[in-house]
Amino acid sequence: MTATSARHAAPAAQMWPLYAAGFTTAFGAHGIAANLGGHSDDAVTSLLVLGGLLALYDGAEVLLKPLFGALADRIGARPVLLGGLVAFAVASGAYVVADSPGWLWAARLGQGAAASAFSPSASALVARLNPAAKHGRAFGSYGFYKSIGYTLGPLLGGVLVWAGGLRLLFVVLAVLGAAVALWAAVAVPHVPPLPRQRQTVVDLARRLADPAFLRPTAALAGATAALSVGVGFLPVSGAAAGLGTVATGAAVSVLAACAAVVQPKAGRALDEGRLTARGGLTAGLLITAAGLACAMLPGLTGVLAAAALIGMGTGLITPLGFAALAASTPAERLGQTMGSAELGRELGDAGGPLLVAAVASLATLTYGYAALALLLAVGPALALSLAARRRTAPDKI
């Protein structure tokens with residue numbers, strides 16, 4: 001197949017496998033993580049072991065995503081995408097065949113390494129296959145299906161484990177990875193790597209320190225931190241208020257559903273000029289901070305309001321953040337930028353819950369929510385204050 005021109009939006013048939021790749025990494029991460037502790041007594045013998053298994057996937061992504069992103073720039077994003085999906089299927093199938101605690105560790109590490117390859121490659125292809133004027137909508141759709149993966153992972157994963165144990169879940173993941181790889185091989189066009197100027201470490205550091213990279217990456221990290229805190233700690237708040245598992249589970253579903261619904265709408269508003277990336281990121285961070293503030297309220301009202309606002313805020317930030325990164329990055333460096341941005345998201349994914357847990361251990365969970373809310377609100381509040389000051393300052397003669 002020949003390279004697709006970026007002057008026009010890619011046909012839907014070329015984009016669907018990329019959306020499926022986003023779904024696969026999200027479903028694989030949360031589907032297994034949500035079911036390890038309760039359904040694998042032979043492998044998870046303590047909380048320490050559970051923590052190690054959970055950290056393997058994210059740890060591999062933190063270390064490898066920038067490297068695979070740079071590789072995608074060098075040899076093309078499509079081969080890295082296909083290789084990562086095939087590796088994901090092989091890693092999942094290894095546990096199905098072996099079915100032993102040791103192979104569970106190897107499978108999770110392999111899945112994380114494979115996702116490190118195909119996740120930034122899929123993001124880079126979303127940008128390369130669409131013109132800049134359509135990036136908002138393209139990343140909004142990509143984020144929508146990724147959110148569906150996060151939502152269905154715990155639910156559908158739990159059903160699969162209940163029906164056939166952890167091996168059945170790994171069977172489904174192996175089949176899913178192989179099917180998406182085959183689909184992408186048939187439908188995703190060859191997008192050749194672009195000529196690149198030689199880049200030194202200093203050049204890379206300068207580019208990653210540029211506000212055009214740091215602002216959207218910091219917003220994406222903050223959104224992911226809030227999302228992880230919402231998924232992990234809102235059920236704790238609900239249980240403390242006397243709510244049952246059905247009510248707290250519904251609250252988490254509200255969070256994921258709001259994030260999924262908002263992302264395509266936010267991307268479309270960006271493309272149509274009704275929203276700017278900077279304004280949308282600022283609004284998204286403030287809405288997310290307001291959601292964390294609502295989590296401080298007792299009872300079902302606080303939990304549901306927090307879930308809705310966190311979902312809306314993160315759904316606003318995600319497509320706008322990636323679209324802003326794509327707009328400010330040379331096309332020949334898209335893989336490296338997307339991999340580095342994904343690293344920022346992974347750090348937020350780990351750092352948000354750690355911050356809330358640390359503050360909660362010293363005070364209460366309410367103060368933990370407050371700490372993260374303040375952290376997310378400080379940057380946008382300062383930006384709005386400086387903008388208002390510039391507008392009201394008298395012009396110099």
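A contact means that heavy atoms lie within 4.5 Å of each other. With this rule, L81 touches L18, A21, F118, S121, A122, L125 and A184, where residues up to four places away in sequence are not counted. The structure is a predicted model, in which local features need pLDDT of at least 70 and side-chain atom pairs count only at pLDDT 80 or more, while totals for chains, interfaces and linings use all residues. Residues are numbered from 1 along each chain as its sequence is written, and side-chain values use heavy atoms, with hydrogens and water left out.

**The nonpolar core**

A nonpolar core is a set of buried Ala, Val, Leu, Ile, Met, Phe, Trp, Tyr and Cys residues joined through side-chain atoms within 4.5 Å. Buried stands for under 20% relative accessible area, exposed for over 50%, and partly exposed for values in between (1.4 Å probe, protein chains only). The largest nonpolar core has 86 residues, of which L18, L81 and L292 touch the most other members. Helix α5 (residues 135–187) supplies the largest share of this core, twelve residues. Helices here are DSSP runs (H or I, at least four residues), as strands are (E, at least two), and they are numbered from the N terminus. In soluble globular proteins, nonpolar side chains tend to be buried together.

**Aromatic pairs**

Rings of Phe, Tyr and Trp (its six-membered ring) pair if their centres lie within 6.5 Å; planes under 30 degrees apart count as stacked, over 60 as edge-to-face and the rest as tilted. The structure holds eight aromatic pairs. Two of them are set out in the table.

| Pair | Arrangement | Centre to centre | Angle between planes |
|---|---|---|---|
| W16 and Y19 | edge-to-face | 5.8 Å | 80 degrees |
| Y95 and F170 | tilted | 4.7 Å | 50 degrees |

Why are W16 and Y19 separated by about one helical turn? They are three residues apart in helix α1 (residues 12–39), and therefore about one helical turn lies between them. W16 is partly exposed at 37% relative accessible area, whereas Y19 is buried at 9%. Ring pairs also link W16, Y19, F144 and Y145 into a cluster.

**Salt bridges**

A salt bridge is a side-chain nitrogen of Lys or Arg within 4 Å of a carboxyl oxygen of Asp or Glu. How many salt bridges does this rule give? The count comes to two. In one, E272 is joined to R137, with the closest N and O atoms 3.5 Å apart. This pair connects distant parts of the chain: E272 is in the loop between α8 (245–271) and α9 (277–294), R137 is in helix α5, and 135 residues separate them. In the other, the side chains of E272 and R274 meet at 2.8 Å, N to O. E272 is partly exposed at 45% relative accessibility, and R137 is partly exposed at 31%, while R274 counts as exposed at 56%.

**A nonpolar surface patch**

L152, L155, L156, V159 and W162 make a nonpolar surface patch of about 530 Å². Patches are made of residues with over 30% relative accessible area and no salt bridge; like charges are joined within 9 Å, and nonpolar side chains (Val, Leu, Ile, Met, Phe, Trp, Tyr) within 5 Å. Accessible areas come from the Shrake-Rupley method with a 1.4 Å probe, and for residues only the protein chains shown count as cover. L152 is found in helix α5 and is partly exposed, with a relative accessible area of 34%.
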